[in-house]
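This briefing is for a reader new to the structure shown below. Please look it over before going on to the notes on helix packing, salt bridges and surface.

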Amino acid sequence: RQQQLYALQEIKTEVHLLYGQINRLGYEPDRVQVSALARSSEDVLNRIDLRLGQLPSGGVRDVVLRARSELQSLLIGDDNLPFLQLKRLEAIQESEDLLESNRALLAALQRLEENIQADTEAKVADSDRTMQRALSGARLAVGLLALMTVCGALLLGWFFAGPLLGNRLVA
């Protein structure tokens with residue numbers, strides 16, 4: 001009887017330990033720790049099995065067996081907690097990698113935008129200087145044309161109108 005109570009107390013302690021490990025598994029951010037907790041949890045289940053051999057069949061043993069099988073399904077069955085936690089950590093790592101990749105792409109795009117903007121500003125400034133030179137040349141040409149027109153008119157007046165006017169004034 002005393003040995004059975006001791007075994008039941010040991011089982012209770014192991015179940016509490018297992019419960020704590022299951023809780024930690026759900027929040028553990030380290031893959032190595034998740035694997036270590038999974039192995040440790042299997043060891044706890046094995047120790048519970050050893051203690052179950054010290055209990056008589058029926059009654060409390062059946063209750064403990066049901067609880068053990070439920071805990072085992074959380075740790076070892078399909079879609080077990082360690083597997084799901086590792087998948088979650090893998091998804092987090094993939095999303096962080098994707099985020100870092102997106103950040104790198106964004107930085108590259110920003111550098112490209114800055115380069116395009118600087119190149120565009122340089123081309124606009126160059127075009128402005130070229131246009132200013134062309135306008136200055138056109139102004140000079142128009143000024144020279146106007147000067148030539150005035151000079152031509154004066155020369156025409158001097159050569160043709162001058163002698164005619166001079167002859168009429170003298171006559």
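This is a predicted model: local features need pLDDT of at least 70, side-chain atom pairs count only at pLDDT 80 or more; totals for chains, interfaces and linings use all residues.

Is the crossing of helix 2 and helix 3 left-handed or right-handed? The crossing of these two helices is left-handed.

**Helix packing**

- Two packed helices are described by the angle between their axes and the distance between the axes.
- Helix 2, residues 31-52, packs with helix 3 at an angle of about 165°, and their axes are 11 Å apart. Because angles over 145 degrees count as roughly antiparallel, helix 2 is roughly antiparallel to helix 3.
- Helix 1 (residues 2-27) and helix 3 (residues 60-75) have axes that come within 11 Å and cross at roughly 20°. This angle makes helix 1 roughly parallel to helix 3, since angles under 35 degrees are counted that way.
- The crossing in which helix 1 passes helix 3 is left-handed.

**Salt bridges**

- Six salt bridges are found in a search of the whole structure. Among them are the pairs E10 with R51, E28 with R24, and D49 with R68.
- In the pair of E10 and R51, the closest N and O atoms are 3.8 Å apart. R51 has a relative accessible area of 25% and is partly exposed.
- Between D49 and R68, the closest N and O atoms are 2.3 Å apart. This pair links distant parts of the chain, with D49 in helix 2 and R68 in helix 3, 19 residues apart. D49 counts as partly exposed at 34% relative accessibility, whereas R68 counts as buried at 11%.
- For E28 and R24, the closest N and O atoms are 3.7 Å apart. E28 has a relative accessible area of 11% and is therefore buried, the cut-off for buried being under 20%. R24, at 42% relative accessibility, counts as partly exposed.

**Nonpolar surface patch**

- L155, L156, W158, F159 and F160 make a nonpolar surface patch of about 650 Å².
- One of these residues, L155, lies in helix 4, which covers residues 81-170.
- L155 has 47% relative accessibility, so this residue counts as partly exposed.

Terms used:
Residues are numbered from 1 along each chain as its sequence is written. Side-chain values use heavy atoms; hydrogens and water are left out. Patches are made of residues with over 30% relative accessible area and no salt bridge: like charges are joined within 9 Å, nonpolar side chains (Val, Leu, Ile, Met, Phe, Trp, Tyr) within 5 Å. Accessible areas come from the Shrake-Rupley method with a 1.4 Å probe; for residues, only the protein chains shown count as cover. A salt bridge is a side-chain nitrogen of Lys or Arg within 4 Å of a carboxyl oxygen of Asp or Glu. Helices (H or I, at least four residues) and strands (E, at least two) are DSSP runs, numbered from the N terminus. Buried means under 20% relative accessible area, exposed over 50%, partly exposed in between (1.4 Å probe, protein chains only). Axes are lines fitted to C-alpha atoms, for helices over the stretch in contact, and angles run from 0 to 180 degrees between N-to-C directions. Angles under 35 degrees count as roughly parallel, over 145 as roughly antiparallel, 65 to 115 as roughly perpendicular and the rest as oblique. A crossing is left-handed if the near helix is turned anticlockwise from the far one by less than a right angle, and right-handed if clockwise.
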